[in-house]
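Hi there,

Here is the structure I promised to pass on to you. Have a look at it first, and then read my notes below.

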Amino acid sequence: MSAGMLRSAVILGLLACVGPLSIDMYLPALPSIADGLGTTVASVQMTLTVFFIAFGAAQLVYGPVADQVGRKPPLYFGLAIFIIGSVGCAFAPNIETLTAARFVQGLGAAVVMVIPRAIIRDLHTGVQATRLMALIMLVISVSPMLAPLAGSGMILLAGWRAIFGLLCVAAVFSLLLTGFMLPETLKAENRVVFNGRSFLRGSRTLLTDPEFMGLTFIGGFGMASFFVFIASASFVYTGQFGLTPTGFSLAFAVNAFGFFAASQAAAGLGRRIGMGRMVSYAVAGFALFALILLAIALAGHATLFVIIGLLFAANACLGLVIPTTMVLALENHGDIAGLASSLGGTLQMVAGGAMIAVASPFFDGTATPMIAAIALCAIAALILSFVTAAKVSAHQPG
């Protein structure tokens, strides 16, 4: 591993952490927010839904703009929007204001999803790109493993509003990192004009590419299972199983650890058995563990430790799937990497938001609806992997 790749991974990983931090630190606070603002669980869950909607929609803009003006200017703009949204969240007097501020926050956070993926495509392809993505995932892993604990600590010390103050600090740090440490990776001669015609032409190319669409939604349904878990887990773990916010944070960290630990093996496995084949096997494992967990839940035997253990195994499979599908989806679209990253991210956010919307009416405070929605995501990803397997099998080691 070169020093340059390690440096890129640390910088891009720290930038990309802003988005997950704005979710993960917030999770332990969901019950406290419901109590503090005198609102319902469904209303608090809506603040997550609108965040994901904004997070997905804004990606459609950042990527094409980055293909025209370079990678850094959109980062400056998006992070500034994120800071404004975070201030709004910190001072929100009611659930309606908090929901609106979370929407603004999502508009800004989207930039740190799009731009790092486009930068990876600027720098590398194939196994090297997967290795860099895995290293970035390793840096990002700090968020789901430590952010809920940090959020719990902030709640105890200063209340849930202080979480958004800390997010402002993280965004300011990211602005400084972008300004002083991140090089511009898109050369002037490789930039493309962003207008309605080029956007439609590029979008048509991507939307009619079965490989791009299949890989995007395989990863998308994997991410959707995370979104369902994120929207429900704090209520299930603290409500049904009686965990404290700190206990929930630890349980959440265990589930996240499986994903990020497995992601470090993606490049090596992809080189040995082929990246397409690895995705197919890992999706099958994800579906297997999710369906086993659903069967146990329906039988009434889904204890806390069973849920944590099987979600750990399922998420470990997703650690091989999500970073690899992100890389493969952009593989053949280097000339419009920003747009491809944007459109892929938007479609994945739509899948995640749709699954939360589908699952929310069935949420009853127990684990079974959450597990059923995760299993549904796994089945959808498995079906897509069968359809896409022949197309991605060409991505062999090398």
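Val-387 is found in helix 18. Please keep in mind that this is a predicted model. Is Val-387 buried or exposed? Its relative accessible area is 53%, and the cut-off for exposed is over 50%, so Val-387 counts as exposed. Together with Leu-291, Ile-379, Ile-383 and Phe-386, Val-387 makes a nonpolar surface patch of about 480 Å². Helix 18, which covers residues 367-392, supplies the largest share of that patch, with four residues.

**The inside**

In soluble globular proteins, nonpolar side chains tend to be buried together. With that in mind, let us turn to the cores. The largest nonpolar core here has 113 residues, and Leu-48, Leu-98 and Tyr-237 are those with the most contacts inside it. Which helix gives the most to this core? That is helix 12 (residues 210-240), with 14 residues. Another core lies apart from it and has 14 residues, including Met-213, Leu-215, Leu-330 and Leu-339.

Leaving aside residues up to four places away in sequence, Leu-98 touches Tyr-26, Ile-33, Leu-37, Thr-47, Cys-89, Ala-92, Trp-160 and Phe-164.

**Leu-318 and its neighbours**

Leu-318 has its place in helix 16, which spans residues 304-330. Its relative accessible area is 1%, and buried means under 20%, so Leu-318 is buried. What does Leu-318 touch, not counting residues up to four places away in sequence? The list is Gly-222, Ser-225, Phe-226, Phe-259, Phe-286 and Pro-323.

**The cysteines**

A disulfide is a covalent bond between the sulfur atoms of two cysteines. How many disulfides does the structure hold? The count is zero. Take Cys-168, which is in no disulfide: the nearest cysteine sulfur belongs to Cys-89 and is 8.8 Å away. Cys-168 counts as buried, at 14% relative accessibility. Cys-377 is buried as well, with a relative accessible area of 0%.

Enjoy exploring, and write back with any questions!

Best wishes

How values were computed. Residues are numbered from 1 along each chain as its sequence is written. This is a predicted model: local features need pLDDT of at least 70, side-chain atom pairs count only at pLDDT 80 or more; totals for chains, interfaces and linings use all residues. Side-chain values use heavy atoms; hydrogens and water are left out. A nonpolar core is a set of buried Ala, Val, Leu, Ile, Met, Phe, Trp, Tyr and Cys residues joined through side-chain atoms within 4.5 Å. Buried means under 20% relative accessible area, exposed over 50%, partly exposed in between (1.4 Å probe, protein chains only). Helices (H or I, at least four residues) and strands (E, at least two) are DSSP runs, numbered from the N terminus. Contact means heavy atoms within 4.5 Å. Patches are made of residues with over 30% relative accessible area and no salt bridge: like charges are joined within 9 Å, nonpolar side chains (Val, Leu, Ile, Met, Phe, Trp, Tyr) within 5 Å. Accessible areas come from the Shrake-Rupley method with a 1.4 Å probe; for residues, only the protein chains shown count as cover. A salt bridge is a side-chain nitrogen of Lys or Arg within 4 Å of a carboxyl oxygen of Asp or Glu. A disulfide is a pair of cysteine sulfur atoms within 2.5 Å.
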